[in-house]
Amino acid sequence: MEIKYSIIIPHKNIPQLLQRCLDSIPFRGDVQVIVVDDNSDSSIVNFENFPGIKRPNIEVYLTKEGRGAGYARNVGLQHVKGKWILFADADDAFACNFLNILDEYSCSDNDIVYFSITGLDHNNNKSYRDYAYDLYFEYAKYKDDMYLYYYSIYQPWGKLYSTKMIVSNNILFEEVSVSNDRLFSVKSVFYSNSISIDNRKIYISYTNCNSLTFKKDPLSEKIRLLVDINLNKFLISGGFEKYHINIYKLLWTRCMKFDLLYFFNTSKILLSSFSGKILITDISNFLIKEIPRVVFLRVKRYNKLKRSI
């Protein structure tokens, strides 16, 4: 049977959660599931009974390099057979009807289809991610520019990617310890000719305080800053300066994290990476556009929380 969908899942040391993720994917002959283990600890993972290893449509690749989720996803991309690619984190899951929704797009000419997600915390209560996508969507709709939405959703999950578009443009994940997916997501949008949005929820994102997302040490924050600098350089050089991350927003969110020495070193890296023209333009945009944007999102967030009480 021809493979329609290839689902790539990087994994490290959370076999029970990986099993939950795999259990959320119904067996179908046209679905290929690729699990790439990133050198898990044998005292935590039973490799002889690795999750999914006995299911016929699940392929398990055990890597020993320990180079992170970005590397694991790139290994997965090497084994894709489907027309479409999806990504999942091992500690998340898919919604029960997600394949039926995907089937509506299996013959489309889209390069990416954005879907909504359900965000849950460890107690299965709704988390901030449950409405974050909706807020970005509402803001982009308010500004009449959906690329503001496309370039704001950096996570690779909750999206359906054309394999042809990914492969022909050689789009890969950065092999860094954190934020490996940001430039991948931006490049995917940049090289896409056709993008659709479907606000139905196909994915469940669980908040895991032990995940890389919540790693906030100085080295991790510096890597995030360098990733965002590269992301901005890519967009600016490609003529999409309008969608780059405001430099002064990065100064505020990435550099003012720890002590004065950290701020001095990281702000020097940031400000020296861009031309004076960009820096001057961004200071006015920060005041005129970024602050109103934050206010818009905060008001919308407050109203959504108020309605949910």
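Buried residues are those with under 20% relative accessible area, exposed ones have over 50%, and partly exposed ones lie in between, with a 1.4 Å probe and protein chains only. By that scale Ile 283 is partly exposed, with a relative accessible area of 36%, and buried residues make up 51% of the 309 residues in the protein chain. This is a predicted model, in which local features need pLDDT of at least 70 and side-chain atom pairs count only at pLDDT 80 or more, while totals for chains, interfaces and linings use all residues. Residues are numbered from 1 along each chain as its sequence is written, and side-chain values use heavy atoms, with hydrogens and water left out.

**Overall fold**
- The protein chain has eleven helices and eight strands, these being DSSP runs numbered from the N terminus (helices H or I, at least four residues; strands E, at least two).
- Its radius of gyration, taken over C-alpha atoms, is 20 Å, close to the 19 Å that the globule rule gives for 309 residues, so the chain is as compact as a globular protein of that length; the rule is 2.2 Å times the number of residues to the power 0.38.
- Along the principal axes, the C-alpha atoms fill a box of roughly 55 × 45 × 40 Å.
- Among contacts (heavy atoms within 4.5 Å) with a separation of 6 or more, 78% are between residues 24 or more positions apart.

**Nonpolar cores**
- A nonpolar core is a set of buried Ala, Val, Leu, Ile, Met, Phe, Trp, Tyr and Cys residues joined through side-chain atoms within 4.5 Å; the largest has 76 residues, and those with the most contacts inside it are Ile 9, Leu 77, Leu 102, Leu 160 and Leu 270.
- Apart from that core lies another, of five residues, including Tyr 131, Leu 135, Phe 296 and Leu 297.
- Leaving aside neighbours within four places in sequence, Leu 77 is in contact with residues including Ile 8, Phe 87, Ile 166, Leu 172 and Phe 184.

**Surface feature in helix 11**
- Ile 283 is found in helix 11, which covers residues 276–308.

**Loop between helix 6 and helix 7**
- Most residues other than glycine have a negative phi.
- Asn 170, in the loop between helix 6 (163–168) and helix 7 (182–190), has a positive phi near 50°, and Asn 170 is exposed, with a relative accessible area of 58%.
- Ser 179 is found in the loop between helix 6 and helix 7 and has a positive phi of about 55°, but Ser 179 counts as buried at 15% relative accessibility.
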